[in-house]
Amino acid sequence: MIQQDKHFHMSDSYESNSSSQKTIGRTVIQCAIEMAKSEFINPQKINALDIACGPGNLTIEFLNALQDAFPDSMIELAGFDYSEQNIKRLIKNSERKIKGIVGSFYNLPKETKGEHIIISNEGLHWQSLFKMSKIFFLYLDAEEKERYELHALQNLETALKNIYESLQNGGIAVIQFGHEGNMQKHWDVIYSIFNEPPFNEYMSKINVPLYHLSIDQIHNALLKAGFANENININAFEQDLAEENATAITNLHKAVSQEGYSKVFPPKILEAFYKRMEEKLNDIDINAFRKNQWHRTLIKLKKQL
Ligand SMILES: C[S@@+](CC[C@H](N)C(=O)[O-])C[C@H]1O[C@@H](n2cnc3c(N)ncnc32)[C@H](O)[C@@H]1O
């Protein structure tokens, strides 16, 4: 199996089932525009990049916002993602106004260098492959978790260093991803279902490649990547799930996990898994469940040599 096959690609339903990502993604775009307006006065050209852009719906919103804020500038925006199918979607849906680049943020290609603005929403907590004994890092024993944490920390340092190197001097970045405690109750429900038959039979074959580091670890990784302390602004806060009921929450998880789980679950079992998730969520107090599930990390950066 090649690495691309093992990757958790966002499924076709992601764009219409990602309200929670859209909410915070629009905040990222707004912050980037505000920062850009104060940093760049009448720029002739703006090179911008959206890292881990997914299907690109937010990248298209970013292009519109840039054009509104800088009507006289030439804007060259690219979306970057590991998933070729999502990049194809971005190119098509933007009518080729946005360039698409397929690759990993752990190894940003040359064509991403010299950016004035980089944004990234809900991407940088996705890890490169790491074989673990449980489906999700939260349920590993202390020793295995520590090893995975080290892997995640090195990954974040690499990705942030790549972002630093892709920015031109004076360039800015607004990035957002989850930190410690992100979606904990949501994962507890999923893990409890994985422990039930018939799903438990497949559990050992699935690794969800996510890790949520602490704010201190994220801050240190930014320093190691090259950003000066005075050019790092981290706003960590909690947000409720935008999805309001069991069906919407299940559909969100399905949009993110279906492609990954389908490599292991037979189709009928996969269908039964999401049905069970919805059933379980219907049995709990959904408003209490939604509360503060997202641990957002909104980071504003500037590269200054
Ligand atoms: C949850 S989606 C976020 C998409 C979009 N930014 C949004 O906010 O809706 C995460 C995206 O990160 C991408 N991704 C994960 N690991 C990656 C990597 N190493 N390099 C590039 N993209 C990656 C996935 O393919 C997926 O499209």
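**Figure 1. Asn-292 sits in the loop between α10 (286-290) and β7 (294-302).** Welcome to a tour of a predicted model, beginning with a backbone angle worth a look. Phi of Asn-292 is near 50°, a positive value in a residue that is not glycine. For context, most residues other than glycine have a negative phi. Is Asn-292 buried, exposed or partly exposed? Asn-292 has 13 C-beta neighbours inside 10 Å, so this residue counts as partly exposed.

**Figure 2. Ala-52 is part of the loop between β1 and α3.**

**Figure 3. A cis peptide bond runs from Pro-197 to Pro-198.** Omega of this bond is near 0°. As a reminder, most peptide bonds are trans. If you are tracing the chain, look for Pro-198 in the loop between α6 and α7 (215-225).

**Figure 4. Helix α3 covers residues 57-69.** From the first C-alpha to the last, the 13 residues of α3 reach 19 Å, close to the 18 Å expected at 1.5 Å a residue. The buried residues of α3 are Asn-57, Leu-58, Thr-59, Ile-60, Phe-62, Leu-63 and Leu-66. An α-helix has 3.6 residues a turn, so residues three or four places apart point the same way. What covers the buried residues of α3? The cover includes the helices α2 (19-39) and α4 (84-93), together with the strands β1 (45-51), β2 (74-81) and β4 (115-121).

**Figure 5. Helices α2 and α3 pack with their axes 10 Å apart.** The angle between them is about 30°, so α2 and α3 are roughly parallel to each other. Their crossing is right-handed. On the α2 side, the contact is made by Lys-22, Gly-25, Arg-26, Ile-29, Ile-33, Ala-36 and Lys-37; α3 supplies Leu-58, Glu-61, Phe-62, Ala-65 and Ala-69. By type, the residues of this contact divide into seven nonpolar, one polar and four charged.

**Figure 6. Helix α6 (residues 184-194) crosses helix α9 (residues 267-282) at roughly 125°.** Their axes come within 10 Å. With that angle, α6 is oblique to α9, and the crossing is right-handed. From α6, Val-189, Ile-190 and Ile-193 meet Phe-273, Arg-276, Met-277, Lys-280 and Leu-281 of α9. These residues divide into six nonpolar, no polar and two charged.

**Figure 7. Ala-159 belongs to helix α5 (residues 142-166).** Ala-159 is buried because 27 other C-beta atoms lie within 10 Å. Setting aside residues up to four places away in sequence, Ala-159 touches Phe-105, Tyr-106 and Leu-124. Leu-124 is 35 residues from Ala-159 along the chain, with 7.4 Å between the two C-alpha atoms.

**Figure 8. Lys-254 is a buried lysine in helix α8 (residues 246-261).** There are 21 C-beta neighbours inside 10 Å of Lys-254, and 20 or more is the cut-off for a buried residue. Which residues does Lys-254 contact, leaving aside its neighbours within four places in sequence? They are Ser-13 and Tyr-274. Lys-254 and Ser-13 are 241 residues apart along the chain, and their C-alpha atoms are separated by 8.3 Å.

Note on methods
Residues are numbered from 1 along each chain as its sequence is written. This is a predicted model: local features need pLDDT of at least 70, side-chain atom pairs count only at pLDDT 80 or more; totals for chains, interfaces and linings use all residues. Helices (H or I, at least four residues) and strands (E, at least two) are DSSP runs, numbered from the N terminus. The expected span of a helix is 1.5 Å times one less than its number of residues. A residue is buried if 20 or more other C-beta atoms lie within 10 Å of its own, exposed if 12 or fewer, and partly exposed in between; C-beta atoms are placed from the backbone. Two residues are in contact if their C-beta atoms, placed from the backbone, lie within 7 Å. Axes are lines fitted to C-alpha atoms, for helices over the stretch in contact, and angles run from 0 to 180 degrees between N-to-C directions. Angles under 35 degrees count as roughly parallel, over 145 as roughly antiparallel, 65 to 115 as roughly perpendicular and the rest as oblique. A crossing is left-handed if the near helix is turned anticlockwise from the far one by less than a right angle, and right-handed if clockwise. Ala, Val, Leu, Ile, Met, Phe, Trp, Tyr, Cys and Pro count as nonpolar, Asp, Glu, Lys and Arg as charged, and the others, Gly among them, as polar.
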